[in-house]
Amino acid sequence: MDTDQRDALQARVREAMDSHTPLRIAGSGSKAFLGQPVRGEPLDVTGHRGIVSFEPTELVVTARAGTPLTELEATLAEANLCLPFEPPRFGPDATLGGTVATGLAGPRRPWSGSVRDHVLGATLLTGKGDILHFGGEVMKNVAGYDVARLMCGAFGTLGVLLDISLKVLPRPAARETRVLEMPAGEALETLQRLAREPLPLTGAVHVDGRLHLRFEGSEAGVAAGARHAGGDILDDDEAFWFAIREQMHPFFAGNMTLWRLSLPPATPLAAMDEPMLIDWGGAQRWLRSEREAQAIRAEAEATGGHATAFRHAPEGEIFHPLPPAALQLHLRLKEVFDPFGLLNYGRLYPDL
Amino acid sequence: MSESLHERNRRALARALRRILPEDAVLTEKEDLRPFECDGLSAYRALPLIAVLPETVEQVQAILELCHVNEVPVVARGAGTGLSGGALPHREGVLLSMARFNRILEIDPANRTATVQPGVTNLAVSEAAAPHGLFYAPDPSSQIACTIGGNVAENSGGVHCLKYGLTVHNVLGIEMLTMEGQRLRLGGKTLDAPGFDLLAAMHGSEGLLGIITEVTLRLLPKPPAVQVLLAAFDSVATAGDAVGRILGAGIVPAGLEMMDNPSLRAAEDFVHAGYPVDAAAILLCELDGCEAEIAELTEQVSGILAEAGATEVRVARNEAEKARFWAGRKAAFPAVGRLAPDYYCMDGTIPRKRLAEVLERIAELSEKYGLPVANVFHAGDGNLHPLILYDANQPGELKKAEEFGGEILELCVAVGGTITGEHGVGREKIDQMCVQFDSDELRYFHALKQAFDPAGLLNPGKAIPTLHRCAEFGAMHVHHGQLPHPELERF
Ligand SMILES: Cc1cc2nc3c(=O)[nH]c(=O)nc-3n(C[C@H](O)[C@H](O)[C@H](O)COP(=O)(O)OP(=O)(O)OC[C@H]3O[C@@H](n4cnc5c(N)ncnc54)[C@H](O)[C@@H]3O)c2cc1C
């Protein structure tokens with residue numbers, strides 16, 4: 001099953017260069033709903049898979065981008081390790097490459113760090129057919145620009161990820177989730193207070209009038225944290241956090257546009273009476289709304305945040321528009337890594 | 001002749017700069033320029049054409065626009081504590097000191113952020129956050145002096161980075177100016193930003209991509225309890241193995257540092273920390289969390305250390321002892337500095353499991369070059385600081401020390417590591433970049449730089465070597481019987 005297809009992929013990109021054929025980098029398609037549809041021939045990267053090296057005591061794993069997340073996470077679990085950023089799969093065959101390219105992280109993100117925070121190195125195939133290696137397998141590395149992290153969240157528009165090295169962490173020894181009945185406004189205040197205390201919090205979600213607080217870490221730390229938070233113990237909490245991570249909670253059902261708001265965590269609630277799920281201790285909020293995109297973006301921007309039309313997006317841009325100076329820099333970087341516009345052209349922004 | 005042209009340039013540029021800056025913010029006299037001639041790596045020195053000390057973003061913008069139009073190189077400087085010559089001035093350029101950007105703009109306890117100007121010192125942030133029970137985690141040993149702007153530009157680390165991450169993991173946003181004078185805001189108080197992760201790219205960019213004018217930092221709640229353990233070992237290999245066992249047991253200490261015998265002896269002589277001077281190596285392990293957790297962890301770690309073969313394990317009995325355990329480590333550089341007229345601090349990172357072998361090889365090199373070496377090690381994350389002792393007044397010794405250092409860095413690359421973990425490439429390690437990266441990769445680095453700074457005026461000649469330079473270096477320097485960059489012409 002494990003195969004190294006870097007040469008074949010490189011040949012395919014070079015061919016595309018010669019024939020001016022745009023390519024759509026295709027993993028399992030689990031996150032294809034996010035972003036603008038890409039025109040182009042599929043470049044199937046799922047065959048480039050397998051764990052290249054894994055050193056449990058070094059807390060580092062290197063795997064090919066087509067490796068299924070389930071496989072990677074199972075291998076880590078055997079060594080009592082995990083991907084700390086709790087990546088959503090959004091499909092049974094989600095790959096590591098898609099995870100890094102979209103940069104999506106689960107409920108633990110505010111406390112554990114993001115996907116890019118754990119990327120130590122990457123091998124990539126550029127739109128010029130070059131195979132390059134940046135970063136490495138060590139925790140600290142400041143030689144050269146951090147191109148590996150630049151690939152995170154670029155949606156494949158700067159290069160095809162081939163191999164990725166990640167920092168991994170021990171699985172928490174203990175876990176407990178507490179539920180407190182309260183309205184959203186009060187939940188935000190509670191979260192603000194809790195966030196300033198040194199608690200082993202690793203999840204904080206408010207939905208349906210209930211605040212869910214997850215504590216993870218050592219037995220003693222979790223017990224102390226949960227006791228301090230109060231509320232009731234949530235019994236089958238694994239199912240709850242899974243549903244939040246995978247957007248299988250009933251809140252995510254239906255066809256109304258799902259907006260993702262990334263906000264300063266203490267941002268007060270807007271007056272709007274629309275369904276909202278608060279995640280990441282307030283820093284990520286999911287909104288169901290049929291209001292104009294512009295209104296929602298303006299609202300997010302006014303608080304210092306940004307908005308993504310995550311699912312069931314209306315016509316227009318999916319991601320928050322960039323200011324002109326930033327856009328110019330994006331275009332120049334595209335020119336560096338993919339001057340012919342071959343890779344996932346337009347997925348993130350027009351002309352990118 | 002060329003000297004007078006130099007003077008003429010200086011006068012003309014100074015005149016133009018004084019139109020946009022107050023009189024006292026433009027320095028042209030040799031004695032005024034002297035304080036800027038080097039950073040913490042004093043072996044490299046150069047006087048800039050002019051030094052400027054702006055106070056507002058508009059002034060910086062005007063300086064950059066002026067220099068851009070006139071094709072004058074610009075080198076940014078924070079506190080000048082860098083250890084790789086990153087802030088080394090350009091003889092024909094402007095030295096842009098950010099020292100007057102020294103205000104903490106906001107501590108926002110609700111969002112747990114600090115927004116500061118880039119010239120604010122690292123320690124000042126934690127001090128300002130302390131009344132709210134918060135702190136800024138990255139803590140380089142130079143934290144009383146080094147600036148946040150410099151920390152971002154170098155992606156600096158500290159002893160607590162094992163658990164809390166490097167600068168890049170603790171910065172939420174920056175404001176910056178490009179060499180063309182464009183103002184950009186990357187990130188903010190949110191956990192992510194739309195588009196490419198330019199914020200990550202700015203970390204460790206050593207002043208080559210843009211001038212950082214404001215930084216928003218993530219603050220964390222102070223842990224209520226801290227414990228420090230000291231373990232002695234009769235070989236560095238056993239000590240290295242103990243590190244793997246602690247992390248392998250699922251424990252991520254707040255800090256996990258190793259010192260070898262020469263460095264622990266030097267530290268003991270200097271600050272009398274009570275270190276066991278006969279040990280081949282000691283480990284310092286800091287644990288933090290809530291009270292109950294610390295008790296549990298301390299017991300667990302003590303057990304692991306003993307099992308791993310520690311000859312002695314001490315648990316600090318009180319605050320004074322915790323401080324004493326750390327005092328020796330924190331004073332390690334100056335302590336080793338007392339052993340010889342000069343020392344040269346290296347900064348490679350290696351996979352931890354290769355530690356014993358790397359230290360053995362360093363010892364061999366030490367004999368080969370006839371220069372003693374002491375090792376301080378951020379053991380948890382594999383970042384090694386060999387300190388090479390030499391005497392710059394002895395003819396040829398500096399050169400010898402540099403060659404020795406170069407071999408250590410190449411050794412780090414050979415075992416799968418990197419030439420710099422946190423001090424940056426700067427001017428110092430520019431040749432070793434040719435060992436770590438091939439010419440394609442270097443070409444993309446230059447192209448990336450060009451996307452930010454098309455005219456190549458920000459800190460030229462640092463961080464990324466030209467392919468030409470690598471060809472020359474390769475010609476002098478053949479690795480494993482193989483020439484690097486065989487595709488390039490030799491001369
Ligand atoms: C005794 C000692 C101990 C040290 N310990 C550590 C340690 O534990 N960990 C560690 O990581 N480092 C350590 N260092 C190295 C150094 O302190 C760090 O690299 C620090 O971040 C440099 O900050 P600075 O303000 O002095 O920057 P400078 O030395 O002035 O500049 C460093 C680089 O940043 C650029 N720069 C500065 N300000 C800006 C700006 N506003 N915009 C764009 N570019 C800018 C400069 O051009 C230069 O390339 C130590 C140094 C000393 C002398």
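This is a predicted model: local features need pLDDT of at least 70, side-chain atom pairs count only at pLDDT 80 or more; totals for chains, interfaces and linings use all residues.
**Stop 1: a helix pair in chain B**

Select residues 236-248 of chain B, which form helix 9. Two packed helices are described by the angle between their axes and the distance between the axes. The crossing of helix 9 of chain B with helix 11 of chain B is right-handed.

Now show side chains. From helix 9 of chain B, Ala242(B), Arg245(B) and Ile246(B) make the contact. Helix 11 of chain B answers with Val301(B), Ile304(B), Leu305(B) and Glu307(B). By class, this contact has 5 nonpolar and 2 charged residues, with no polar ones.

**Stop 2: the largest cavity**

Rolling a probe the size of a water molecule over the atoms shows where empty space is left. Over the whole structure, the search finds 5 cavities of 30 Å³ or more. The largest cavity holds about 200 Å³ of space.

Which residues are closest to the centre of the largest cavity? Select Gly135(A), Asn141(A), Val142(A), Asp146(A) and Arg149(A). They belong to a lining of 22 residues. By class, that lining has 13 nonpolar, 6 polar and 3 charged residues.

Next, colour the elements of chain A that give two or more residues to the lining: strand 6 (119-125), strand 7 (131-135) and helix 6 (147-150). Helix 6 of chain A gives the most, with 3 residues.

**Stop 3: the disulfide**

Return to chain B and select Cys434(B) and Cys470(B). Their sulfur atoms are 2.1 Å apart, and the two residues form a disulfide. The count over all chains is 1 disulfide.

Finish by showing the surrounding helices. Cys434(B) sits in helix 16 (residues 433-436) of chain B, and Cys470(B) in helix 18 (residues 467-476) of chain B, so the pair ties together parts 36 residues apart in sequence.

Definitions and conventions. Residues are numbered from 1 along each chain as its sequence is written. Chains are lettered from A and ligands numbered from 1 in the order in which they are written. Side-chain values use heavy atoms; hydrogens and water are left out. Axes are lines fitted to C-alpha atoms, for helices over the stretch in contact, and angles run from 0 to 180 degrees between N-to-C directions. Helices (H or I, at least four residues) and strands (E, at least two) are DSSP runs, numbered from the N terminus. A crossing is left-handed if the near helix is turned anticlockwise from the far one by less than a right angle, and right-handed if clockwise. Contact means heavy atoms within 4.5 Å. Ala, Val, Leu, Ile, Met, Phe, Trp, Tyr, Cys and Pro count as nonpolar, Asp, Glu, Lys and Arg as charged, and the others, Gly among them, as polar. On a 1 Å grid over the protein atoms alone, a cavity is a set of points where a 1.4 Å probe fits but cannot get out, and a pocket is an open set with protein on both sides within 12 Å along at least five of seven lines; lining residues have an atom within 4 Å of a point. Grid points are joined across faces, edges and corners, and a volume is the space filled by probe spheres set on the points. A disulfide is a pair of cysteine sulfur atoms within 2.5 Å.
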